[in-house]
Amino acid sequence: MKNGLKHSWIASPVTRALGALIIIFVIGLIFNADSAFFKWGTHRDMLRAVSVYGMLACGMTMVIIAGGIDLSVGSILALTAVCFSLFTIHRGINVFIAIVLCLCIGTLCGVCSGAFIARFRIQPFIATLAMMVFARGVAKWVSGGQKISTAVQQADGSYKYVDVPEIFNIINSKILANNITVVTIIFLFCLLISWLLLVKLRYGRYIYAIGGNEEASRLSGVPVSRAKVLAYGLSGLFCAVAGICQAAQELQGDPEAGVAYELSAIAMVVIGGTSLQGGRGSIWLTLIGVLTIGYLEKILSINAVGEDKRLMLTGAIIIAAVLLQRTKK
Amino acid sequence: MLQDDKKNIQLLSMTGICKSFSGVQVLSDAQLELRSGEVHILAGENGAGKSTLIKILAGVHTEYTGTIHVDSKKVNFNSIHDAAAAGISVIHQELSLVPAMSVAENIFLGREKSRFAWLAKAEMIKKASNMLKEIGLDIDVTRELGDYPLSTQQMVEICKALAINCRIIVMDEPTSALTDVEVEKLFTIIAKLKQNGCGIIYITHKMEEIYRIADRISVLRDGKYIGTAPASELNQAKLIQWMVGRELNQQFPRHKPKDGSVALSVKDFTVADPSGKPFPVVSKVSFSVKTGEILGVAGLQGSGNSELLNGIFGTYGTKAKGKIELEGKSYNPATPSHAIANGISLLTNDRKTTGLVLGMNIVHNTTLAALKKFSPGHWLKPAKESQTAEHHKKALNLKAASLSMQVDSLSGGNQQKVAIAKWIETEPKIFFLDEPTRGVDVGAKHEIYELMNKWTSQGIAIVLITSEMPELLAMSDRIIVMHRGKITAEYASADATQEKILQAAMG
C-alpha cells in the first residue's frame, strides 16, 4: 500500500514537471557565473523577462485544455501594443479609457476566433491562423507600418519627441523595495484569474469536459459553443494585457512585435505537462513550464551562450521535458 | 484420422497468474487451459480480471507472475509480437482498424506485401477479397473501411486476425456490434476453425451465445479462478452463481406499475439523415409513453430506433421535426441542454464516445449534466459534488477505489453506473435508455433492472432500446418495432414473442 502511494506521488504530473524545473535550477547553480544565481536580482529579471510570455501562456492553457490551440496570440499582442501606444502617446487619450479599449480589442479578436471555431466548426488551427495573419495586418494598417514611439510626426513632417506617458513607467517599475516588477505582478494576476476560472467556476469544468470529450459534453447539456468562445475570448484578453505590458517595456508599439510568441507560449504549456489533446492539465503546470523556460534562458545568458546554441538547447529541452513527463504504461 | 489427432491436445495452459496495478491486486492465482478444437468461454463479471488475463496472454502486460505454456513449452512474452509469433491472435472489443484506409490495406496493416519495396497492391486486394468471401462477406475491398457499417468493420477485424494463421484465437465480445445474420456467419467460421484444430477463447456477456457455442467454461471472480466445467454440466443458474458469488433468483425482475398518465406523446416525428442523404432515418413515427411505463423500441441495426430517441433528445437539432407533447405541453427538440431542462434524459448507447468524459474523474462526470445545481452563482461547490457522488456510489453499488479515479480506469459496468448517476442527477421525468446493459456483467445488469423498476415506481417514463431480446421482452410493458425508420408493429408485452418481433423488425 505504501509502495502504491509512493508510486502515485512520483507519477503525478506536477512532480514530473517540477522535476524538469529542479534539474534546470540545479544546472543553474552549477554553472553559476559571477554567483549570479545567489542574487535575487537575477531571479527578478528572469521573472520580468517571462511575464509577457507567461500571460500569453495563461490564455493558451485554457484554449489547449478545451482541446484547441491559439496561434494568434503574438499578433494580437502586436495589435494591442500598437493601439495602446497610439492611444496614449499620440492621441493623448485618457489612460484608463485606452486600457479598456485595448482589452476590448484583444477580447474581440479572441471572441471572433472562438465564434468561427464554435459556430462554423472551423478547426482551431485554421481559424486562429487566419486571425494571426489578420490581426498582424490590422496592426500594420493602424500603425502605417511604423513603430509607434515617442517620436511623433508633426503636420510639417518634422518629428517632435514627447514624454513617455506615466503609465509606461508605472508598468516598468519595480515595487516592494525593488524586489519585483509590476509586469510580474500582472502576470501573477493573470494566473490567478485563470486558476479561478478553471478550478473554481462552472465554465472551467465545462472547458475540461469539452477538451476531454466534446460530443459527450454536448449530450450532457454543456454549452459547448459558449465555453469555447469564453476560452478564446479570455486568451485574447490576456494577449491585450501582454500587449500593453510589451508596449510599456519597449516604450513603443511595434507592429512587428510578438512574432513566434505563440510558439513560446505553446512550448511553456507543453513543458508544464498539459496535453495538447485537451481535457487535462492545469494552470500551475503552465507556471512551472514558464519558469523552466525562463530559467533556461537566464542560465544560458548568464553564461554568455550564443543565440545559435541557445535555440538548439531550448529545442532539446522541450523534447527532454515532454519525455520526462510521459507516464510509462 | 488426422482430425482426431488434432483434437483435444493441450494448446495453452496459464497457471498461477498474478498481476497487480499500482498496489491493487487484479489477478491472484488465475488459470486457464485451452485445448485444440474447443471453444472455451471465459466468463466473469466486469472487473473480474478477464481482460487483464487476455492482455497477459497477448503480450500487452509483460510484468506478472505465473507460468504460461504454449504447446507444452514454457513461454515468456515480451511484446505483442512475441505472442503473435507464438500463434496467438486477439480480436479486441474495440476495433483496432484505421477507418480512413481501404479494407484491403486494413487487413494487411503491418504485414504489407511488397515487391522490391513497392507495395504489391493488386495482390493484396485479390487476397483480401478472397479471404472476406470465404467468411461470407462480399464487399469492395478498395473502398474506405469507414464507409461500411460497424458490423462489417467488425467482420473485417475478425478476417484480419484469421489472416495471420493462428492456432489460439481470443475473441473479446466479438458480436456486440453484429447483426443476427452476421453472428450466424461468425459461428460458422468458428466451427470451421475448430475443425482445423484451433482453440478459441471466447468472452461474452450474452447467455444464449455461451450455450450455443461453448465446449467448456472457465469462470473468474474478483481476479480469482473459480472453476472450469464442460458447458453441458454447468447450467445457467450455476454459472451465474459462479460469476456473481450469490444466487440471482430472477433474471428479469419487472414489477408492473399502476396505470399512469401520458408523459410523452410524439406525432409524425421525422429525422432527416444527419449525413445529408435524402432519405430520413426516422419517418413519421407516432407513439406515446405513460408515466411509470417501460416502452421497448425494437429494431435491427439501421432501423432508426436509436435515431428516434436522439432526435427527440435534440442531438440532431432542428433536423428532427414533429409534434411532441410533454405532459400535454408542446415541446420542440432543439439541443440536448433544452431537452434536459425539460426533464428528458438519454443514456447513450456508447458510453465511451458519447456517454462519459473518460479523462475526468467519477465526481466530475457524475455532476456534469446537472452542474448548475452544484454551482450557484457560477461558483462550484466541490464538497456538495463529492457528497452527491458518494451517495450514488453507495446507491448504485459502484465499485471504485476512490471517487477521484478517472472513469477510464473503471470496468464497463461501473462506467455505466457513473453514466446512470449523471442522468439521475438531472432528475428526469422521461428517461431514454439506449442499450443500458451493453457490455455490462450479469450482476450489474440485474442492478440496472432493479433501478428501472425503482424509477418507474417513482413515475418516470422509460423508453428502452436493447438488442438483447430476452431483456426487451421481460422488461418492457409495451413494445413497438421499427424497420427502416417506420413503426411496423406494436405489442403488449404479454402478446410479444421473439418471432413476432423479429418478423416485424425485418419488414
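**Exercises on a helix pair and an interface**

In this predicted model, Cys109(A), Cys112(A), Ser113(A), Phe116(A) and Ile117(A) of helix 5 of chain A touch Pro124(A), Ala127(A), Thr128(A) and Met131(A) of helix 6 of chain A (contact: heavy atoms within 4.5 Å; helices: DSSP runs of H or I, at least four residues, numbered from the N terminus). Residues are numbered from 1 along each chain as its sequence is written, and chains are lettered from A in the order in which they are written. Local features need pLDDT of at least 70, side-chain atom pairs count only at pLDDT 80 or more, totals for chains, interfaces and linings use all residues, and hydrogens and water are left out.

**Exercise 1.** Describe how helix 5 and helix 6 of chain A pack.

*Solution.* Begin with the axes, lines fitted to C-alpha atoms over the stretch in contact, with angles from 0 to 180 degrees between N-to-C directions. Helix 5 (residues 95-119) and helix 6 (residues 124-143) of chain A pack at about 145 degrees, their axes 9 Å apart. Next, sort the residues of this contact: seven are nonpolar, two polar and no charged.

**Exercise 2.** Characterise the interface of chain A and chain B.

*Solution.* Start with the contacts: 24 residues of chain A meet 32 residues of chain B. Then take the buried area (accessible area, 1.4 Å probe, lost on being put together, summed over both parts): about 2,200 Å², 59% of it on carbon and sulfur atoms. On the chain A side, Arg202(A), Arg205(A) and Leu219(A) lose the most area, together 35% of what that side buries.

Finally, look for salt bridges (a side-chain nitrogen of Lys or Arg within 4 Å of a carboxyl oxygen of Asp or Glu). The count between the chains is two. Arg205(A) forms a salt bridge with Glu385(B), with the closest N and O atoms 2.7 Å apart.

Notes. Buried area is the accessible area (1.4 Å probe) that two parts lose on being put together, summed over both. Helices (H or I, at least four residues) and strands (E, at least two) are DSSP runs, numbered from the N terminus. Ala, Val, Leu, Ile, Met, Phe, Trp, Tyr, Cys and Pro count as nonpolar, Asp, Glu, Lys and Arg as charged, and the others, Gly among them, as polar.
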